[in-house]
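Good morning, colleagues. Please look at the model on the screen, and I shall then take you through its cross-links, its sheet and its charged pairs.

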Amino acid sequence: MAAKSTRFVESVTEQTFPARVLKAERPVLVQFWAAWCGPCIRVTPIVEALAAEHAGVLDVVKINVDEEPGLAERHGVTSIPAFVVYADGAVSTAWTGAAPKPVLERQLAPFLR
């Protein structure tokens, strides 16, 4: 099942990852997910809300692990949902698991300035 992009959260692929994430001008939150993953489905609206609220400060993209297994493997993703924040083209922080909005905001606080 192909991921659909929302206005603030774009799906990236192996081909678009370098330009969209590594060369981004601001921090990028990457959400690794799959259509069959219940926790991924539950956390996605929260991630989309954060993307909308922090547009212009934080970019948010998602990667379907079934469609882009190479990206998942390179990031060491063994459980989803998984999150990686890139800043200045490098991994800054990463975590796994769905969480409520306040927890995600605390994780992202250093990047929301």
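I begin with the link between Cys37 and Cys40, which is right-handed, with 75° about the S-S bond. This is a predicted model, and the sulfur atoms of Cys37 and Cys40 lie 2.4 Å apart in it. The structure holds one disulfide. A disulfide is a covalent bond between the sulfur atoms of two cysteines. Are these cysteines buried or exposed? Cys37 has 4% relative accessibility and therefore counts as buried, the cut-off being under 20%. Cys40, at 0% relative accessibility, counts as buried as well.

Five strands make up an open sheet with mixed pairing, and their order is β1-β3-β2-β4-β5. At its edges are β1, residues 9–11, and β5, residues 90–96, each of which pairs on one side only. From one strand to the next, the twist averages 25°. Strands β2 (residues 28–33) and β3 (residues 59–64) pair over six bridges in the parallel sense. Within this pairing, Val28 has Asp59 in β3 as its bridge partner.

Asp59 leads us to the charged pairs. How many salt bridges are there? The count comes to five. In one of them, the side chain of Asp59 meets that of Arg26, at 2.7 Å from N to O. This pair links distant parts of the chain, 33 residues apart: Arg26 is in the loop between α1 and β2, and Asp59 is in strand β3. Asp59 counts as buried because its relative accessibility is 13%, whereas Arg26 is partly exposed, with a relative accessible area of 34%. Salt bridges that share partners join Arg26 and Asp59 with Glu10 and Arg20 in one network.

Two further pairs deserve mention. Glu14 forms a salt bridge with Arg74, with the closest N and O atoms 2.1 Å apart. Here Glu14, in the loop between β1 and α1 (17–22), is linked to Arg74 in helix α3 (residues 69–74), 60 residues apart. Arg74 is exposed at 54% relative accessible area, and Glu14 is partly exposed at 30%.

Finally, Lys101 forms a salt bridge with Glu53, the closest N and O atoms being 2.5 Å apart. That pair connects helix α4 (residues 101–108) with helix α2, over 48 residues.

Technical notes: Residues are numbered from 1 along each chain as its sequence is written. This is a predicted model: local features need pLDDT of at least 70, side-chain atom pairs count only at pLDDT 80 or more; totals for chains, interfaces and linings use all residues. Side-chain values use heavy atoms; hydrogens and water are left out. Two strands pair if DSSP finds at least two bridges between them. Helices (H or I, at least four residues) and strands (E, at least two) are DSSP runs, numbered from the N terminus. Axes are lines fitted to C-alpha atoms, for helices over the stretch in contact, and angles run from 0 to 180 degrees between N-to-C directions. A disulfide is a pair of cysteine sulfur atoms within 2.5 Å. Buried means under 20% relative accessible area, exposed over 50%, partly exposed in between (1.4 Å probe, protein chains only). A salt bridge is a side-chain nitrogen of Lys or Arg within 4 Å of a carboxyl oxygen of Asp or Glu.
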